[in-house]
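Please have a look at the model before I go on.

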Amino acid sequence: MKLPTLSVLYLIHLTSLLLILAESTQPPFSCDISDPRTKSYPFCKTTLPITQRVQDLVSRLTLDEKISQLVNSASSIPRLGIPAYQWWSEALHGVAYSLKVTQGIRFNGTIQSATSFPQVILTAASFDAVGIEARAIYNAGQAMGMTFWAPNINIYRDPRWGRGQETPGEDPLVSGKYAVSFVRGIQGDSFEGGKLGQHLQASACCKHFTAYDLDNWKGVKRYVFNAKVSLQDLADTYQPPFQSCIQQGKASGIMCAYNRVNGVPNCADYNLLSKTARGQWGFNGYITSDCDAVAIIHEDQGYAKLPEDAVADVLKAAVEKRKLPVSKIDRALHNLFSVRIRLGLFDGNPVKQPYGTIGSDKVCSQEHRNLALEAARNGIVLLKNTDKLLPLSKTKTTSLAVIGPNANSAKTLVGNYAGPPCKPVTPLQGLQSYVKDTRFHQGCNAVNCSSAFIAQSVKIAKGADHVVLVMGLDQTQESEDHDRVDLLLPPKQQNLISRIARVAKNPVILVLLSGGPVDISFAKNDQHIGSVLWAGYPGEAGGRALAEIIFGDYNPGGRLPVTWYPQSYVNVPMTDMRMRPEPSSSYPGRTYRFYQGPKVFEFVERSNPHRYLPVSEMGDEVCEKMKYTVKVRVKNHGAMAGKHPMLLFVRQPKMVNRRPVRQLVAFQSVNLNAGERADVEFELRPCEHLSSAKKDGSMVIEEGSYLLSIGDKESEIQVVK
């Protein structure tokens, strides 16, 4: 069978240098009413439909001009009054920047920082705040683009993945809901009848499409990795977050991933990009490759045999050799310029547009910094609290020892893809605000702890009422292009923890900063370690949030977004994409939905076969009639007010037909005072929540018994058509 030639259906990301504009407080835009060149152009008339405006604009471009718009650093077209545009900007958990000159955000003007929310793995932040700050930076003339390449909604399949920290975790439902919230927040009130109509506050781009969750593991790199994925796993694990992002979130962009899936590069997969995303899911935005992914198709993967089959300066050569019709370039340009027009960049002076009055005072505002603090509070997880060691007494704790390489590192707090934070508070600084006599030592020379300062650390630990150890990982241990090879803390760091715990006056408190799970079985079973807190990478307010929790001003209610496996899990090859266990080969499966094996900590902490009901044949009306409400009464039995996540799971009495062990189907949080009761309602939609994928990828509901559970309470339901 002849391999398909890659057609340019998306924005090609090339690492090309960008001319840095002179300092200006004027944001770049087209269709200035004072410019006589553009007054008569139909593409500048806001009363016309966007499609008509785009058609007019594209029709005026030469072939060279068209090609210049198909890279991330789109050139200016002075004769039409169109400024240069930078498609690449980042906003994973706050407006971000990079040392690379190819990104569209600059912090070198009146705005020099942005609110840094917790890294995604810890908690979902308030995304509308990120969109507002992005627009404010543009209005201040410090942005050459309003398209942000976030969120990352790949499933956190393997605990060693360096970029798992960027994702909301291992559950497809959570990832899908996160994607919808992120996109709607960033893009503004443009969803189904919103006040913006088709216009966008900023543009979100869901990535990395699809089955991408390996960067660089034991020499296997993402650029050439061929992910062998079954149709079943694709249907019920890898694809659902992207489907939600497109259909429910209405994302204006998606990014195809570096890797191949079943032999075909994602960025050259017609079935994935055109038939599935555009055809089945109704996507009508732009598609971008990941950085250099198109060149990699030819140079590294060998999938496209000639350079012009992968990317044409070749674009022009491709047209001349009739490998690429101009109509396909025009179609890509239509998608690209539609987004820029929706952003209001062809509507004249932005000051007169819906978001034109958002000023620099909205960046790092007290409101947004409070949101960052609240997000950190809600995400931090209390993993161990023997004999109710926490919270510490504010009055009885007269001295405190704070030890660890992450205790006073503002850089570690923000994780990756972060901008300069507004007012970061480290764990040390947060704790110092509670205890005047706070003594600090970093304990190790760095997070890798190649040198441990045991004697000095032991000395200050012995002299304090309580000891807080702030340990874990950082971007030197897990990051993009750097997967881990084990699940343990650095050896000397672990030894330091145990040594200090044995000499402290009271059981110590261990705080872990990390994106991925760590096998801390030693700490879980050590009676000298009284409490363990996992804080992810909690953002600029993380130190304050941790201190509030340690001293009882906030009651932590976070839940783990991923399974914490034992070190023995590293025997499972990271390259094995199978989700379901294979008992015949001792393959244990992956994530809480399928994994059958020992756990350090759990995610969020079938009888005889029945008839299958094909979801595709049931129709919307039948599915709508099947939905019903689940009511749960909850009570706060503790002595403090708190925010508690309520998670509704479903499972079948026996695991058969390779179904998940259990599946999260709904969740919400409830705030309760001490002793307070409340009724919580969930809507259960069987066609969505009780369906599973067959081996051919089709979704079906199996008739019979299901068990709904919240915490340790279960209730049985019956499903019949």
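When I say that one residue touches another, I mean contact, that is, heavy atoms within 4.5 Å. What we have here is a predicted model, in which local features need pLDDT of at least 70 and side-chain atom pairs count only at pLDDT 80 or more, while totals for chains, interfaces and linings use all residues. Residues are numbered from 1 along each chain as its sequence is written, and side-chain values use heavy atoms, with hydrogens and water left out.

Let me begin with glutamine 247, which is found in helix α6, residues 240-247; helices (H or I, at least four residues) and strands (E, at least two) are DSSP runs, numbered from the N terminus. Leaving aside residues up to four places away in sequence, glutamine 247 touches Gln280 and Trp281. The C-alpha atoms of glutamine 247 and glycine 282 are separated by 7.1 Å, although these two residues are 35 residues apart along the chain. With a relative accessibility of 30%, glutamine 247 counts as partly exposed, where buried means under 20% relative accessible area, exposed over 50%, and partly exposed in between, using a 1.4 Å probe and protein chains only.

Next come some details of the backbone. Lysine 207 and histidine 208 are joined by a cis peptide bond with omega at about 0°, and histidine 208 lies in strand β4, residues 203-209. Another cis peptide bond, with omega at about 5°, joins leucine 390 and proline 391, and proline 391 belongs to the loop between β12 (381-385) and β13 (400-403). Lysine 388 also lies in the loop between β12 and β13, and its phi is near 50°, a positive value in a residue other than glycine. Is lysine 388 buried or exposed? Lysine 388 is exposed, at a relative accessible area of 71%. A positive phi, near 70°, is found for aspartate 481 as well, which sits in the loop between β15 (466-472) and α16 (491-503) and is partly exposed, with a relative accessible area of 35%.

Now to the helices. Two packed helices are described by the angle between their axes and the distance between the axes. The axes of helix α1 (residues 50-59) and helix α11 (residues 326-342) come within 9 Å and cross at roughly 125°; these axes are lines fitted to C-alpha atoms, for helices over the stretch in contact, and angles run from 0 to 180 degrees between N-to-C directions. That makes α1 oblique to α11, because angles under 35 degrees count as roughly parallel, over 145 as roughly antiparallel, 65 to 115 as roughly perpendicular, and the rest as oblique. The residues making this contact include Ile50, Val54 and Leu57 of α1, and Leu333, Phe337 and Ile341 of α11. In α1, the buried residues are Ile50, Arg53, Val54, Asp56, Leu57 and Val58, and the buried residues of this helix pack against α2 (63-68) as well as α11.

Let me turn to the strands, where two strands pair if DSSP finds at least two bridges between them. Strand β8, residues 253-256, runs parallel to β4, to which three bridges join it, and pairs in the parallel sense with strand β11 (residues 286-289) over four bridges. Cysteine 256 in β8 is the bridge partner of phenylalanine 209, and cysteine 256 also stands opposite serine 289 in β11. Which residues of β8 point one way, and which the other way? Gly253 and Met255 point one way, Ile254 and Cys256 the other way, and all are buried.

An open sheet of six strands has the order β12-β17-β16-β15-β13-β14, with mixed pairing. At its edges stand β12 and β14 (438-441), each with a single partner strand, so one side of each is left without a neighbour in the sheet. From one strand to the next, the twist averages 15°. β12 runs antiparallel to strand β17 (residues 529-534), with four bridges joining them, and lysine 384 has valine 532 of β17 as its bridge partner. Helix α15 (residues 454-462) lies across β13, β14 and β15, running at about 155° to β13, whereas α16 lies across β13, β15, β16 (508-513) and β17, at about 170° to β15.

Finally, there is an open sheet of four strands, ordered β21-β20-β25-β26 and paired antiparallel.
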